[in-house]
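Biologist: I'd like a close look at a single part of this structure, and then at how the chains meet. Could you walk me through it?

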Amino acid sequence: MLSGRAAYIADLPFQDVLYVAILRSPYAHAKITGIDVTAAAGHAGVVKVWTGADVLPKCAGLMARMDLPGFVPTIQPILAHDIVRFVGEAVAVVVANSQAVAEDALELIDVDYDELPVVASIESAMAAEALANEAVPANLVYQGHRCQDDVDGDFASAAYVASGRFINNRVSASPLEPRGCVARYEWTNGQLTVWSATQMPSFLKTMLAIHLAFPEQRIEVITPQVGGGFGQKAHVHPEEALVCLLAIELGRPVRWIEDRRENLLSATHAKHQINDMAIAVDGNGRFLAMRNRSSTDGGAYNCLPWTHLVESHVGASTLTGPYRIAHFNDESLSLVTNKCPIGAYRGVGWSAGHIAREILIDRAARRLGLSPFEIRRRNLVDQNDYPFTTPTGLVIREGTFVQTLDRLEQMVSYPSFRERQASALASGKLLGLGLCIFNEVSGVGTRALSFLHIPVTTHDTATVRVEPTGKITVTTPLVAAGQGHLTTFAQVAADAFGVPLDDVTILAGTTRNTHGFGTVASRGAVFGAGTIGRAAEAVKVKIRRLAAHLLQTGVDQVTLSEGRVHLIGHPDKGMPLADLAGAAYFADATHPPDFDPALEATAAFDPADVVLANGGHAAIVEIDIETCMVRVEEMFAVEDCGRMINPMIVEGQIRGGVAQAIGMTLLEELVHDGEGQLVTTTLMDYLLPTSIDVPDIKIAHLETPSDLVPGGVKGMGESAMISAPAAILGAVNDALALVDASLEDFPASPQRIFDALERAAAKNAIPV
Amino acid sequence: MDEDIGQSVVQLTINGESAAFTVPIRTSLSDALRDKVGLTGLKQGCEIGVCGSCTILVDDKPVRSCLMLAVQASGCRIETIEGLAGNGKLHPLQASFQRHHGLQCGFCTSGMVLTALALLRETPEPTREQAREAISGNLCRCTGYETIIDAIVDPDVMSDPEFANG
Ligand code: FES
Ligand code: FES
């Protein structure tokens, strides 16, 4: 990677390759009344032009559904036919001998549109005067509840009710590398090879087989180096199916590399929720009950596989977090709008609800004169409560919530912060402190998905082979999009066999050998450790058996360490692993009776229960009253993700996630106008955080090993985007509270801060 | 392809060797280096000069190669990431990125490293703030920047005799 030699999708060389450019809809909702592609098709260098009518007989579109009562599935066409439903939806495709020619020819395509009424907001989706997608009655994909406790009594008796309407912004995961896909069809053997910058290669393979009615055993999906995914590349995109269809049709490699504008327009959006939340608190600051109604602006179609449910619906599952909140009453709505589909982005549906909850907790603390640490301490689940079952049915058996809180309190040195805050105020600066304590449903497998009410079964496999010279080859379906997984996986195998890291090679990046759901939802470390650990164990059983036979001892007396197989406690009584492997492969006479010498095993893994990681974040921000700019002055993170295979990688995930949290809360916003036009289509309008925006981050670790995963690993890839946004916006509100202002509409841009200050000034100016 | 569009010959020095290629006049330097010269180490994250992932050195200065036409580079001295690592060894600055975990997906890395290299040649002992400022035009979506800054200010980079060979 460092030498510039790692090949990303756009770097791969292909003989005879054709280039793709996609015409995208300029309207949010319109009827296509005519398309004329004659001029484009006749343009020199153009090989093929397709519209929706050409593709429809080959593929009806991507069908995304969830087996829940009342869920309304949608079909996203590969190319729109008849109707476009969001700005940026693919309408036609040009295939040409060069990218420039393909793009030039796009301009020659003539499309006539008849505009239809646009559903551009959650409010208009709910009003349902117009439908965003006629397949979805009342614009409602799904309406559900996790809990319907009676909370009226709690709210009536509460000493204080903290409540608000929190409008979370629509954002884009924006990996620095946009999406891309190349497909090649070899008619001589019927093989379809697909290179895609995807986080879910095995799933993509299966979905291509189903949606294109293509024999799955003849599809191979190869993942090159991926330039970041963060969930956005954990979908099956219509463009991937399109490129495959074109490759099959044309018999030449076909290449689609999107540009940034295309990415912002048409790669899944995220986080767009409104949460109407209230928490009832008694006079001692104890939480009695929580009420929430969460609505997702889901876009025109369900994404595959997560659907609209990836936001509010999933978010509701952990809304009460690690707090003892006895009664919970919630509702989540997923609404279609004329926008790009909502999809997975680090922290998924959890980010928005955590923001609302922690801001309300701080509000209650201020009202009751408690410190933000004290009010949380009074409500956190602690060791004595285990096992603790949350209102949504999550059983918390472990977790270091109170320790996390204590550690954060020390790290921010709370009393001196309040002094600093007071003296800053005297000199016209608003400082604020915010925090969030969370647990993360990590390493998401079948049990976790079922807890999230996402009825999907997943498992992964890995193959481990001890080579004749004692070296280890591991094959995994997981993709490395920068999380450092390959090193982590090699470490798992090296530890299992007691050999140096250098003796292990990880083969990844193709669906040819193993199966898996994907590198999403903090699965990588957990499933890597789980599958590799289990496969290694199966091979080690044979190694121990052979060694015991040779050492004339029992199998339980044999262990592997320092590159040797030996009697426990006696490294000298044994042999190098290489010699033992050599014996297995080449020396039949050494084998015990009925010995199967294959030093290779494939094993599947799916955690037996929800793997819960936990932690917390604190933020200190400064608001400049003149410019209304918010600056994150300090960030603190405490993380308990079980045993850390490699702390540097864990910290890298935290720092990267916190930077994204800063972006999401202060800078990034996909802005649509009333007609559903996306206004922010470049990185000059859609502002990603730079090195100036992100401070150095202070990190502390707690380690509570998981007993559900070999090696005690827990996932933590989402954590910073679950909790750091809440800490930052909590800090913004803490600062604003100094002047009796508050903010519930995000991101905390200078304009919104200005408006919040104005509102407070106006309120205070009213004579009583 | 592109036969009907005006072509131009560009002569320049790339990583110490003279080179020449013919491209349509409208071709950006980044496209030309990637497609004509095969130097795919520079990445394209935005193609409008915002992300910095296409940064290369032109006459020692960090330049966004997506904003420059290939023809404008005629006669210039260009350095790309491919010129740094040699003989199976990483350049000390690259080794420092590796030591400090200054990259995750790696997509921003070549632009970051070249930007940092230009800084270190001018300012051999940068402060953290100088390093932070220098890379402020290079977006990274993965690392949060801190470990990139760690890698740049590590004094072992400059004290390595191999530094000047980059
Ligand atoms: S690709 Fe040149 S600055 Fe982004
Ligand atoms: S390492 Fe991925 S963008 Fe910087």
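Biologist: Leaving aside its neighbours within four places in sequence, which residues is Asn302(A) in contact with?

Modeller: A bit of housekeeping: this is a predicted model, where local features need pLDDT of at least 70 and side-chain atom pairs count only at pLDDT 80 or more, while totals for chains, interfaces and linings use all residues. Residues are numbered from 1 along each chain as its sequence is written, chains are lettered from A and ligands numbered from 1 in the order in which they are written, and side-chain values use heavy atoms, with hydrogens and water left out.

Now your residue. With those sequence neighbours set aside, Asn302(A) is in contact (heavy atoms within 4.5 Å) with Ala64(A), Phe71(A), Val72(A), Pro73(A), Thr74(A), Val141(A), Thr307(A) and His308(A). You'll find Asn302(A) in the loop between β18 (287-297) and α9 (312-316) of chain A; helices (H or I, at least four residues) and strands (E, at least two) are DSSP runs, numbered from the N terminus. Its relative accessible area is 2%, so Asn302(A) is buried; that label means under 20%, with exposed over 50% and partly exposed in between (1.4 Å probe, protein chains only).

On to where the chains meet. 52 residues of chain A are in contact with 45 residues of chain B. Between them the two chains bury about 3,800 Å², with 59% of it on carbon and sulfur atoms; this is the accessible area (1.4 Å probe) that two parts lose on being put together, summed over both. On the chain A side, Leu2(A), Leu176(A) and Ser691(A) lose the most area to chain B, together 22% of what that side buries.

Seven salt bridges link chain A and chain B, a salt bridge being a side-chain nitrogen of Lys or Arg within 4 Å of a carboxyl oxygen of Asp or Glu. One of the partners to look up is Arg655(A), which pairs with Glu146(B), their closest N and O atoms being 2.9 Å apart. As for elements, α3 (99-106) and α18 (647-667) of chain A each supply at least two residues of the side that touches chain B. The largest share, eight residues, comes from α18(A).
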